[in-house]
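I opened my notebook for a look through this model. Here is what I looked up, entry by entry.

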Amino acid sequence: MLGVCYYPEHWPESMWQQDAKEMRQLGLQYVRIGEFAWSRIEARDGEYSFEWLDRAIETLASEGLQVIMCTPTATPPKWLIDKYPDILPVDINTGTTRGFGSRRHYDFSSQNYFREAMRISTVIAERYGNHPSVCGWQTDNEIACHDTTHSGSLVAKLAFQQWCKDYYQDDIEKLNTAWGNVFWSMEYQDFAQIELPILAVTETNPAHQLAYRRFSSDQVVKFHDAMIEIIRAHAPNRFITHNFIPLVDTQTDNFALAKNLDFVSYDNYPLGRSDMFFKHMPAEQFKPYMRTGHPDFSSYSFDQSRGVSNKNFWVMEQQPGPVNWAHHNPRPEKGMVRLWSWQAFAHGADCVCYFRWRQVPFAQEQMHAGIKRNDNSKAAAWAEVEQMRDELAKVDFTISDPVQAKVAIVTGANSQWVTEIERQGDSYNHQRVEFAYYSALRQLGLAVDFVSVDHDLAQYALVVAPCLPIVPQAFVDKCKQADVHLVIGPRSGSKTDELSLVPTLAPGVLQALVPVKVLSTETIRPDCSEVLHFNGIQFESQCWREELALADGVDVVATYHDGSPAVARHQNTSYVATLTCDAFLREYFTVLSAELGLVTFALPKDMRLVQRGQYAYLFNYAGYSQTVPSELQGQYVLGSANLAAYDVAIVKLN
C-alpha cells in the first residue's frame, strides 16, 4: 500500500481535483492531511472554518482515495499563544522562552494547552470521526521533535514538584535518601523547594535528572493518551497512529507512548538522518553512503518501530529527494526511493507514504523535495513510485506476512537516559553502541526484533542487551526461564533504579546469570584503542573498558592486551566488558550463531537480507553490481542473482 502527505491549504482549490486524479493514477491509496492546519480551521478563538476541509476530503474521496486525518496540535496558532503565554516552553539550556514562529512551540506541562489541545481534537474528531472517507487518524505530528519533551518553565517546575510528591508518597525524606541529597548539601525540607535539574553551576544530581526525565516522559504520554481517548470516542472503527521520529530523539518511554496506538508510524529520512548520525565518520567511509544512507540505519528505525508496538508499522513520511534540515542535503541516488520503500515493506511496513506530494514554494520547507516540483512537473521520485506501484502488484505482497526474527535487542528509555546523564566518557553514545550491535547482526543476514525488559523472550534463540544499566529482577527471572542465550554489554546492571551504584558491584542482579564482578571502569579516547584477542584473531577494545573478576566456572571468551578477561561466559549468558569494533562483533556473533543453530550469510559488503513471510528481500546499497550468495538462489519474483547498483531482488522461499 502506498500513500502521500498532502496540504490542500497550500494550493489553489482549482488544483485539487487534478492532484487527486494523479494520485490515484500513481497508485496511491492513502492521503494524510491536516496536521498543521489549526490556523485555517480556527483562525480566531471559537470561529471554525471547515468548509474548505470538507471540500478537500470530498475531492480526494471522489478519486477513491482514503484520508488519514490529523489533530493539528503540533502548531498552536498565534491567537492562542497570545491568550495563554504559558503554552510556550522554556529552553532548559538557556532559560529563555522559546518563541512563536516555527512549530512544536508548546509545553507539555501547560494545563492551558492541554485543555485547548484536547478541545480542538474533540471538535475535529466529532466532525470527521464517522466520515466514510476518513479511514484513520494521526495524533499530533512528530511528538517531542526539536528537543521539546523537556521544559524549564514555571508550570513544568510546579508539575514536577507534584510528580515527585506522588512518586515518593509525600515523603520528602524518602526522596532525599533515594537521590542521595546529603551530597553537596542538596537536601530538601519540602516538595515545594524542588527545582528543575537545569542551569546549575555544574552537573546536577543524576538521580534528580533521571526523575525529571521520567516526569517529562510521563507528561508526553499523558498528553498523547488523552488525545487517543478522544479520537476513540468519536471515531469508532478507525485506526489511530502517530508518526514517530527516531526513537532516541523523543526522550520518552516509546513503549508507553505507543501502547494505546493501533500501530506505530515512522518518518523515514535516510539521507538527512545519516548525515547527522555519521557526521564524525571519515569522508572515505561516509561518501559511499552520502546519497543512499547507511545500509542499516533506516532498518534500525523500522525494526524499532515494529518493536515498540509489537506489530507491523507504517512509514508516514518517506523522503523522495533532497531535504532541507540536515547539515548537508544531497539528492538520492537513482533507485534509492524505490529501495527504501521495499526495505520498509521487508522489515514489516504495511504502507509507505511519501512526503510530500508537491514541493512548496514558500516558508521553511521550500527546499524540501516532493514527488512533484513546485512548477507541478514530475520530480525524479515520480518514476520510482510508479515502479513501486507495479512491483507491489507483481510480487503479491501480503501485509499479514510476519518478519521472522530469532534475535532480539533489549532497549528502553531508562538505558538511554542513564547513559546521557552519566556520560563518564565523551565517546560513549547509547544509540551508537546499540546501532553497532544491530549493524553487526544485520551484516550476517539476521533479522532483529527490538523488545523491552517486559517482553516475552520465548520465541528467540539469542537476546542481546548492548546497554542495560538498570535491570529489573523480573527480567532476570524471565531470562532464567527462557531457552535463550543472553549477551550483555558493558554498563549493564551497574545502577539501581535511582541511578546509584549497585551494592554488589556491576552487573548487579545479572550476577545470577553470569557470576562476574566489575572491579573498575575506565574510558579512553577513541583513537587510543588497545588489542582485544578473540578466536585467535586480534580486534580492538575501545572507549569503555571494565576490569572483571570471575567466579569459579566462568569461562574467558576474549581477553584484553594484558591477558585479563574482556568477555566472559557462564552457561547461556555472556558478558562483554568493553566497547569494541565492528569486525569483532561480526566474528563474535558468527561463532555464537553457529552454536545456536542460527543461519547466517556471508553477504557482500553493503548487501542486506531480511525475510518476511515467504520472501527473502535483498538490497544492494553499493554503487556497483554484486552477486547474491549461492545459498539464497531460488525463484526470483523481482530482480536476479546479479544485483545491480542500488537495486532490489526478491526471492520466493521454498
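**Entry 1: the whole chain.** I began with burial and found that buried residues make up 60% of the 654 residues in the protein. By "buried" I mean under 20% relative accessible area, with exposed over 50% and partly exposed in between (1.4 Å probe, protein chains only). A note on the source: this is a predicted model, where local features need pLDDT of at least 70 and side-chain atom pairs count only at pLDDT 80 or more, while totals for chains, interfaces and linings use all residues. Residues are numbered from 1 along each chain as its sequence is written, and side-chain values use heavy atoms, with hydrogens and water left out.

I then checked the overall dimensions. The C-alpha trace spans about 80 × 70 × 45 Å along its principal axes.

**Entry 2: helix α15.** How many of the 9 residues of helix α15 are buried? I got 7, so this helix (residues 413–421) is largely enclosed by the rest of the structure. The buried ones are Ala413, Ser415, Gln416, Trp417, Val418, Thr419 and Ile421. They pack against α8 (206–234) and α16 (430–443).

**Entry 3: His150.** I found His150 in the loop between β6 (134–138) and α6 (154–167). Is His150 buried or exposed? It is buried, because its relative accessible area is 12%. Leaving out residues up to four places away in sequence, His150 touches Val90, Ile92, Tyr212, Arg213, Ser216 and Gln251.

**Entry 4: Asn535.** My last stop was Asn535, in the loop between β17 (530–534) and β18 (537–550). Its relative accessibility is 48%, so Asn535 counts as partly exposed. Not counting residues up to four places away in sequence, Asn535 touches Glu587 and Val591. With Glu587 there is a side-chain to side-chain polar contact at 2.9 Å (a pair of N or O atoms within 3.5 Å; within protein, one must be able to donate a hydrogen and the other to accept it, and residues adjacent in sequence count only if both atoms are side-chain atoms).

Definitions and conventions
Helix = DSSP H or I, 4+ residues; strand = E, 2+ residues; numbered from the N terminus. Contact = heavy atoms within 4.5 Å.
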